[in-house]
Amino acid sequence: MSGEDQYISSTQNPKIKRLLALQEKSSERRKSGLFVVEGRRELQHCIEAGYEIESIFKSASAADAADADFIVSPHVYERIAYRGSTEGVVAIVRAKPHTLEDLLPSLTGGVGGGSLFIILESVEKPGNLGAVLRSADAAGATAVIVCDPLTDLYNPNLIRASIGACFTVPTVACSSEDCIRFLKAHGVQILTAQLQDSHLYYDTDMTGPTAIVMGTESTGLTDQWRQAADAHIRIPMLGRLDSLNVSVSAAILLFEAVRQRENMVLST
């Protein structure tokens, strides 16, 4: 490729228009099997997770711009970048299928020797899912399973909010029915986070294989999950509000599981 072909100075360039379509339209991501990653840290996690990079765009101001497939002018980079602190790198990446069966080898992993899953039912805000993934990574969770999702797993807002944790934590999208069947078949206890008919989360044993299930802040969990649960747990709410952001709740519950498992290891 010549230097002239490599340098892009117009937002009307077909390659830039295609990149923007992948950023903005989930239908385009599904149809093409491609998605966009922005930022050096996020791209590094993506590569380490075995994703295939189709093309890399770097700002002309980046010190290593010559290593890119395409160099873009500062004006073009400003258009394709969601934020200015990504060190001048945006890439188009080929998606990979993720299924429940992919999680089978890790069912005995996790702190204290038990699997630890976060299950999110019908999550619709990619920022919330990204934040949950960050907590899941920090807690060493086995996987995050998104049931009946209302956002796709390659949404740029999700990738950005997770700071690349969507590549470091196994993440699967499936139906609630398939997820419940999978968890029960492999002896994973199901704990649903809910206010009604529930026990305080720190009084519930999470040392064995555990799935913590959370619904949306507006509607909570469906009866399908409530009925499938082995126990219902809640976080005490001492103020006037009756709920926390789902990502905050997930972090609290994940690290309670970590605390219990570490204490179990120390006591043996």
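**Note on aromatic pairs and the parallel sheet**

1. Seven aromatic pairs turn up in a search of the whole structure. Rings of Phe, Tyr and Trp (its six-membered ring) pair if their centres lie within 6.5 Å; planes under 30 degrees apart are stacked, over 60 edge-to-face, the rest tilted. This is a predicted model, in which local features need pLDDT of at least 70 and side-chain atom pairs count only at pLDDT 80 or more, while totals for chains, interfaces and linings use all residues. Residues are numbered from 1 along each chain as its sequence is written, and side-chain values use heavy atoms, with hydrogens and water left out.

2. Take Phe 35 and Tyr 51. Their pair is edge-to-face, at 5.8 Å centre to centre and 85° between the planes. Phe 35 belongs to strand β2 (residues 34-38). Tyr 51 lies in the loop between α4 (40-48) and β3 (52-59). The two are 16 residues apart, and the pair links distant parts of the chain. Helices (H or I, at least four residues) and strands (E, at least two) are DSSP runs, numbered from the N terminus.

3. Phe 35 is buried, at 0% relative accessibility. Tyr 51 is buried too, with a relative accessible area of 8%. Buried means under 20% relative accessible area, exposed over 50%, partly exposed in between (1.4 Å probe, protein chains only).

4. Tyr 201 and Tyr 202 have ring centres 5.0 Å apart and planes at 70°, so this pair is edge-to-face. Tyr 201 is buried at 14% relative accessible area, whereas Tyr 202 is partly exposed at 39%.

5. Phe 35 and Tyr 51 share one aromatic cluster with Tyr 154 and Phe 167. Tyr 51 also has the charged end of Lys 96 over its ring, 4.7 Å from the centre. The criterion: NZ of Lys or CZ of Arg within 6 Å of the ring centre and within 35 degrees of the ring normal.

6. Now the sheet. It is open, with seven strands in the order β8-β7-β6-β11-β9-β12-β10 and parallel pairing. Two strands pair if DSSP finds at least two bridges between them. The edge strands, β8 (171-174) and β10 (199-200), each pair on one side only. β10 joins β12 (residues 231-234) over two bridges, in the parallel sense. Leu 200 has Arg 234 in β12 as its bridge partner.

7. Helix α11 (residues 246-267) packs on the sheet and touches β6, β9 (189-193), β11 (210-214) and β12. Contact means heavy atoms within 4.5 Å. The direction of α11 makes about 165° with that of β11. Axes are lines fitted to C-alpha atoms, for helices over the stretch in contact; angles run from 0 to 180 degrees between N-to-C directions.
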